Structures are given as C-alpha cells and as structure tokens.
Amino acid sequence: MSVERATAERQQELVDNYDAVKQQVDDAAQGSSHKPRLVAVSKLKPSSDILALYDHGVRNFGENYPQELEQKAKELPNDIQWHFIGALQSNKAKMLASIPNLFAVETLTSTKAANTLNSTCASLTPPRQDALNVFIQLNTSGEESKSGLAVPPPALSSETNNNEDATSHELYKLAHHVVVNCPNLRLKGLMTIGSIDASFQHGADAVNPDFDKLTKARDWLQSSLERQLDQQTNTEEADELKRAVQGLRPLELSMGMSEDFAEAIKQGSSNVRVGSKIFGARPPRKTA
Ligand SMILES: *Cc1c(COP(=O)(O)O)cnc(C)c1O
C-alpha cells in the first residue's frame, strides 16, 4: 500500500469541499429522523484524493468502473466502504463481489447479476462479515441513456389492486428473488439517477418527479412484498420471506447528486452520491 500523498493544498481543498457538502446534507436533513449517508464519488480521481478524505474520517466512497475500483480497493485502507454505482454487467459481477470491503452495489437490474454476486460472496475466503448490500436501480426519468428497471405504473400502487399484478412486475420479481434466493445479499433499497433537467425545472421547494417516483416505488415494493406473504401463510418460503422483509424496513432511497442532493434529501433520500462538488470537475474518461 504505497499511495502518494496529495499536496497540503489539495488536501485542504478536498476537506473544505467535503465539509461544505456535509453541512448542506445535515441542513437538508434537519427535522427529519433519518441521517443520510454521504457517498463521496471518486471515479476518475486519484487514490491520493481518497486518502486525503479518508484521513479526515470519510469512509463511504463511490466508483463507476470495476477495474478502477478493484485497483483502488487494493491500494487503499480496507475499512473503506466502497459503493459500486456504475453500469453493472454480469461479467463484472464476480470481480466486484470479490472485493472484500465492497459495501454496496447500487445498480442491480438483473437476476443474473444478483446470482453471480451472491455465489461469489458465498465462495470468498475469508468469508464476508456481512451480506453485500444491493440497491435495485430504477429508470425514473424514462430516458433511454439511463439504465434501470421501469417504475411500477401508478395503477399498481393502489391498495385495492390485485397483488397478482404486482408480483408480475420486474421490480417485484427481482426484489423477491434477492430476498428469497440470495442469502449473501441484503436488499438495501432503490436507486435512481433521475433527470437533471427535472431538478431545475421547478422552484426551490418544488418536488422532483423522479425522486417522487422512486419514493412511491419503494412504498409500493414494501407493501407488495408484505401483502404477498400475508397471503401465503404457513409455507416455509413465506416464513423466510417474512423474516427477511421485516428486517428490510424501511428500504433506503439512493438519490441525489452534486446538483440536487439537498432536494433529494428533503424528499426522503437516505444515500446521496456526490462527486464534482467534492472533488471538482472530472477529466474525460479516456485520459484518466
Ligand atoms: C458520477 C455519478 C455521481 C456523481 O455525480 P456528480 O454530479 O459529480 O455529483 C452520482 N451517481 C452516479 C450514478 C454517477 O455515475
């Protein structure tokens, strides 16, 4: 582990930026019972930057590219809690889950990737101390450039709706699969990127429709899972599911980035992912 040190000037800059963002996070969360987690998104930034914040007490860092994350995890302290927030390809799931201090994969969208993460975690020596947290990513803005599962249509969220409709939705199916079939994973919550435009279209106190959709999808998912197990009493699967689902409540919401994290927190975010406001503008990926 021989990571170069950032200059004293750079260290100070990072600490000042981080503290300013942290203050805004705390201000936005005032009056609410939850304390959001601030994930410092360090993609394309050098390990020396991460170490400077680590020395300041920061432990949650987010990365987008599997190779870059693997490299940084090797050379940086092993009590960092890494969040993988990039596009998740099934063929990279094994490498990611082999990182012992990977805290969360925030971009799960397929049962195939879930199975690989789960089986990789099961095979690690030494074994992981905790289940690997996963967030299911939703495409709340419907933009083609964004990945994520579709948001459940509003009709499905009505309480009177037949749960059969709910259980055939892809979000329900993936969540159910993780809870029932992936003992080495913990369904931690839902994640979205959301449209940046949506964050700016409205006044300061307006509601961002993408964040609203994620919140509603979370509430829908929780109640659908719970309703489903109320219907299937006395099966082994129902008991298992019941225990698992009760332990999940409340599912978290990962939403909010540099430009909109304060709004996201006001709308219930428990996990914000902030990059450029802490580290400054990023270089283009190719030259990094
Ligand atoms: C890059 C990235 C961020 C951080 O973006 P900033 O606007 O720099 O804060 C957050 N979430 C995801 C998924 C990202 O890819």
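Me: What makes L88, A113, A114, L117, V134, F135, I136, Q137, L174 and V178 contacts of L108?
Reply: Contact means heavy atoms within 4.5 Å, and L108 meets each of these residues, with neighbours within four places in sequence left aside. A word on the source: this is a predicted model, where local features need pLDDT of at least 70 and side-chain atom pairs count only at pLDDT 80 or more, while totals for chains, interfaces and linings use all residues. Residues are numbered from 1 along each chain as its sequence is written, and side-chain values use heavy atoms, leaving out hydrogens and water.

Me: Why is helix 7 called mostly covered?
Reply: Buried means under 20% relative accessible area (1.4 Å probe, protein chains only), and 9 of the 12 residues of helix 7 are buried. Among them are L171, Y172, L174 and V178.

Me: How do you know that the span of helix 7 agrees with its 12 residues?
Reply: The expected span is 1.5 Å times one less than the number of residues. For residues 170-181 that gives 16 Å, and the end C-alpha atoms are 16 Å apart, so the two agree.

Me: Why is helix 4 called roughly parallel to helix 5?
Reply: Helix 4 (residues 90-97) and helix 5 (residues 111-122) pack at about 25°, with axes 8 Å apart. Angles under 35 degrees count as roughly parallel, so helix 4 is roughly parallel to helix 5. The contact includes A93 and A97 of helix 4 and A113 and L117 of helix 5.

Me: And what makes helix 7 roughly perpendicular to helix 10?
Reply: Helix 7 and helix 10 (residues 236-248) pack at about 105°. Angles of 65 to 115 degrees count as roughly perpendicular, so that is the name for this pair.

Definitions and conventions
Helix = DSSP H or I, 4+ residues; strand = E, 2+ residues; numbered from the N terminus. Buried < 20%, exposed > 50% of the residue type's maximum accessible area, 1.4 Å probe, protein only. Axes fitted to C-alpha atoms, helices over the stretch in contact; angles between N-to-C directions. Parallel < 35°, antiparallel > 145°, perpendicular 65-115°, else oblique.
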